[in-house]
Amino acid sequence: SSSEDRQNSYNDSLTADGTATTAEEAMKRGGAAILRELTVIVQEYFPNTQIVFSIGNNDVVPDYYLNFLDTDSAEAVNDNAGSSAENFASSASSMSTNEESTGMLDLIYQALNADGYNTDSFANTLQTSVLKPTDQHTFLKGGYYYRSFHNGGLLILSLNTVIYSPFYESSSDDKIHDNSTNDNRPDNSDKMHDDDPRGQFTWLKIILSEARRNQSRAVIVGHISPSVGSFRHTQLWKTEYIQRYYEIVGQFNDVVMGQLFGHIHTDEFRLVDGADKRGMNDVVGNGGGGIVAVDTPILLGPSVTPLHGNDPSFRIVKYGHIISNGGSGDTQPSHNATIPSNRDGYYRLLDYDSYRCDIRDGNASWSKLYIFSEAYNDVISESFQKEGLSSATFHGIVKSMRHNNIAIRSNNEHQDIEDESPTLKTFRYFVRSGADGNDAMTGANSDCNSQCQNEWLCTLTSITRDGYDACVSQSSLNNSKAMTNHRNVLGIVAGLFFASVVAFMLVIRMVRRRMRRRDYESTPSVHQGDESGIAINVETR
């Protein structure tokens, strides 16, 4: 199809670690220059396609660090934001936008703006601006903005997730000025609005509210996902920000149709079903804790950089309408995204294609690795045809992963009786985009025992570290019960077998004794004959 058709059918969001590099190299070349160079490459291969950019922790120098405008200006924007996107932007427009006052975000803005005042300092020329003057106010304030497509029928909201990371918190006062760290960076703790850094949550709720009024759908994109990672199961956002984010998204389940993130370099997903209420009461002081369930899963895109043993990879997510047929309730996915509004149907994420570069074949050639609907065709539920890439679809996948995950073991504690689910094995092959691996969790050549299976299932269904730990503990308890029940059953069976053998032997013994007694009573003995003869003889005499 033509590039214009691809533009109507696909949404390309840069969420992977495209600029991952050492701090020294980033400082030498300039993080902004790397972003500019990468954007030029993407525009070359995806011409006439709008790019929605999200700030990642490796896009700034040092890692996870951002310096903003003065907090007084930020406070004024938050206080005057009002309840609409227009008021929010108008309030933000009073901020100074020169490089000195806006710092690192302005450098990024200029790098991704084809007409910026600093554009001559870059060696490469953008085809079109990625960040536009209409994005300037919110982007310079906090690194976030949104795009409108199809006459407002679809919105793409780009979040700055760096500010929610626990690693970003390391720039607070107690560490910045600690002489032992020899770190003299300015205080960037953003203490003016700790519950809503840079006013981003306020803005998110405003935009989603307007989308609902306009009967629009929204996709949220960002770099670091509000969940746990799969390597060390680190919680990627601070707990209070995870909870606040899902409180907002949960209020707009009818609006938010997708959540696309990256950061961990692997091809994964997370289900947000409220299961993280376990163990949350002691973490969040709100009397109840927990994470609000949402109807859309977190889709975690793979990485272009092979930094963690993965093959370079990227994902193309397809979206379109699911249109009702004649009021029958039946629905069918449609890739025709040229319909001017969503009133004849509604937008959904329909499917995705994953591409990878095999860097081990000597040619470093790109090819399609898999299509979601084909790879999981045997296990995705009927809801896929009606809802596309919804939570219900991924619940079907997780259910299939659990099918063979029965943690009953033999006497050797490291030898599992039950095999790994084929669905989980397929998923693990895709985690590193098809790269070979022999570690305990991922890779095409690795085995996954019961512990590994439980850890993956808990990872895919947990959002906080406390939720993950509680899930693993519960799984271990279930495993122990299963093994105990298994041993009890074996003990009962063995006991019954022994009792049966003993009873059988007793029966045989009794039968033999009766047979001997019967023979004894029915056959005259020699002594009995002699005695009878003697008696007769006596009588004769």
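Me: Which residue does a disulfide join to Cys448?

Reply: Quick ground rules: this is a predicted model, so local features need pLDDT of at least 70 and side-chain atom pairs count only at pLDDT 80 or more, while totals for chains, interfaces and linings use all residues. Residues are numbered from 1 along each chain as its sequence is written, and side-chain values use heavy atoms, with hydrogens and water left out. A disulfide here is a pair of cysteine sulfur atoms within 2.5 Å. The S to S distance is 1.9 Å, and the partner of Cys448 is Cys452.

Me: What handedness does the disulfide of Cys448 and Cys452 have?

Reply: Look at the torsion about the S-S bond, which is about -95°. That value is why the disulfide of Cys448 and Cys452 is left-handed.

Me: How many disulfides does a search of the whole structure find, and what pattern do they follow?

Reply: Besides Cys448 with Cys452, Cys458 and Cys471 form a disulfide with their sulfur atoms 2.1 Å apart. The search of the whole structure finds two disulfides. Counting bonded cysteines along the chain, the pattern is 1-2, 3-4.

Me: Which helices hold Cys458 and Cys471?

Reply: Helices are DSSP runs of H or I with at least four residues, numbered from the N terminus. The pair links distant parts of the chain, 13 residues apart. Cys458 lies in residues 450-460 and Cys471 in residues 465-522, which are helix α16 and helix α17.

Me: Is Cys471 buried or exposed?

Reply: Buried means under 20% relative accessible area, exposed over 50%, and partly exposed in between, with a 1.4 Å probe and protein chains only. Cys471 has 9% relative accessibility, so Cys471 counts as buried.

Me: And what percentage of the residues of the protein chain count as buried?

Reply: Cys357, at a relative accessible area of 5%, is buried, and so are both Cys448 and Cys452. The protein chain has 541 residues, and the buried part comes to 48%.

Me: At what angle do helix α14 and helix α15 pack?

Reply: Axes are lines fitted to C-alpha atoms, for helices over the stretch in contact (heavy atoms within 4.5 Å), and angles run from 0 to 180 degrees between N-to-C directions. Ile397, Ser400 and Met401 in α14 meet Thr423, Leu424 and Phe427 in α15. The axes of α14 (residues 391-402) and α15 (residues 422-431) are 6 Å apart, and the angle is about 115°.

How values were computed:
Helix = DSSP H or I, 4+ residues; strand = E, 2+ residues; numbered from the N terminus.
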